Amino acid sequence: MFLLLKTSRAATAVHGDGGLWVPTLLSSPFDFSPEKAKYTAAAAAVDGDVGLLVPTMLPPFTFSPKSTMSSHFIFSPETTTSSPFNFSPETTISSSLAFSPEKVPGLEADFGRRMTQPFLALGNVVVRSVWAHNLAEEFELIESLLPRFRYAAVDTEFPGTVHRPDVPAYLLSSVQQYKFIKANVDNLHLVQLGLTLFDDDDRLPDFGTGGAVQVVWEFNFREFDVLHHPHAPESIAMLRTKGMDFGRTRRHGVDAAAFGARLRKCLRAGLGRAGVITFSGSYDLAFMLKAMYGGGYQLPTTAAQFENIVKLAVGKTLYDVKEMARHCPSDLRGGLELVAGKLGVRRVVGEAHQAGSDSLLTCQTFIKMRECYFGDGELTNVAGMITGMTACC
């Protein structure tokens, strides 16, 4: 599959650099700087064009509404041209270049299905998809952002629940709820984890683009084998409709033990030190613990022990958005999508049950709920609460 782009010099240099160039798909302009290139995905074009894979750098591209078409680049999985590239007038103004996604760390040529591109872009948010081959690179990037981006929103996807109560969960005591959480997490494997970082001003990392491109992360894990491991068939069917390729995760996914070691390092370096945000986060936190301590780790016996370990390992400043909703005067009952909708928050990238997208929606919902219902200092009243586990309330 070829993506044909054309280039021209940007009308105005965004970073005070007179050498910005504009690759375009049809009429869709994107700027990038002639610096050391990395690959990412262009956000959806302003005129409605679909997103495309483009070479860029850190910081990534910024947008310019002006461009004229000249020359072109061709992205081809069959080519063997190496990366990174330096973009200069000598190479961009008159030459057609072929780039090989297979030669570039973090980029793979697989355009046939959703969620298989290493970077998925809609709007101005890019979901950086993490696999075994780019795990170290992406964690290094995350660690470099931690001094400024002190909040972390997390979401997990797993193969459903195989141990279920005979009554609705809200009728169970915290002791009973934790019994089922432990039984499920002890016997299931993590499939995806989404991570959204944001700072004290509620901004996502944008690598100096002024918000033109913002990023979140989605880690894909290899342990779950749909042919041999326990799962809920309806959950697997649903995840497949969202683009999940369980064969690909088995072949190319992140090793949970390797992820757990890097996660522990990130937490020591300050990941989520101002707040770890979840929505009905007991399973999210439980799977984080399981990743951190290894696949054979069994959750502690009681909910109180679980909460203590979470606060020691992940942090004491936990914000469960579903629990926050219980303390709001408005009716904010429901799942993440429903609560977000009641607050006027819209999903800007991906779909429900894609971990990167859901982590971002959790972040957005937290920010909006805090803005509407929690004044200065009032968040301390809900910090540390996990939905359904009253021992920490």
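Reply: Let's begin with the core: of the 52 residues in the largest nonpolar core, L195, L197, W217, F219, F306 and V314 touch the most other members. A nonpolar core here is a set of buried Ala, Val, Leu, Ile, Met, Phe, Trp, Tyr and Cys residues joined through side-chain atoms within 4.5 Å. Buried means under 20% relative accessible area, exposed over 50%, and partly exposed in between, with a 1.4 Å probe and protein chains only. Helix α7 (residues 282-293) gives the most to this core, with 8 residues. Apart from this core lies another one, of 32 residues, including Y319, M324, C328 and L379.

Me: What should I know about the model and its numbering?

Reply: This is a predicted model, where local features need pLDDT of at least 70 and side-chain atom pairs count only at pLDDT 80 or more, while totals for chains, interfaces and linings use all residues. Residues are numbered from 1 along each chain as its sequence is written, and side-chain values use heavy atoms, with hydrogens and water left out.

Me: How many helices and strands does the protein have?

Reply: Helices (H or I, at least four residues) and strands (E, at least two) are DSSP runs, numbered from the N terminus. Here they come to 11 helices and 14 strands. Of the 393 residues, 54% count as buried.

Me: Which residues does V314 touch?

Reply: Contact means heavy atoms within 4.5 Å. Not counting residues up to four places away in sequence, V314 touches L267, V276, L285, M288, L289, M292 and I309. For the whole protein, residues 24 or more positions apart account for 70% of the contacts with a separation of 6 or more.

Me: Is L299 buried or exposed?

Reply: L299 counts as buried because its relative accessibility is 3%. You'll find L299 in the loop between α7 and α8 (303-313). Leaving aside neighbours within four places in sequence, L299 is in contact with Y178, I181, K182, V185, D186, A286 and F306. Take V185: L299 and V185 are 114 residues apart in sequence, yet 7.7 Å apart in space, C-alpha to C-alpha.

Me: What lines the largest pocket?

Reply: On a 1 Å grid over the protein atoms alone, a pocket is an open set of points where a 1.4 Å probe fits, with protein on both sides within 12 Å along at least five of seven lines; lining residues have an atom within 4 Å of a point. In this model 47 residues line the largest pocket, and F279, S280, S282, Y283 and K322 lie nearest its centre. The largest share of that lining, 5 residues, comes from α3. Other elements giving two or more residues include α4 (233-241) and α10 (336-342).
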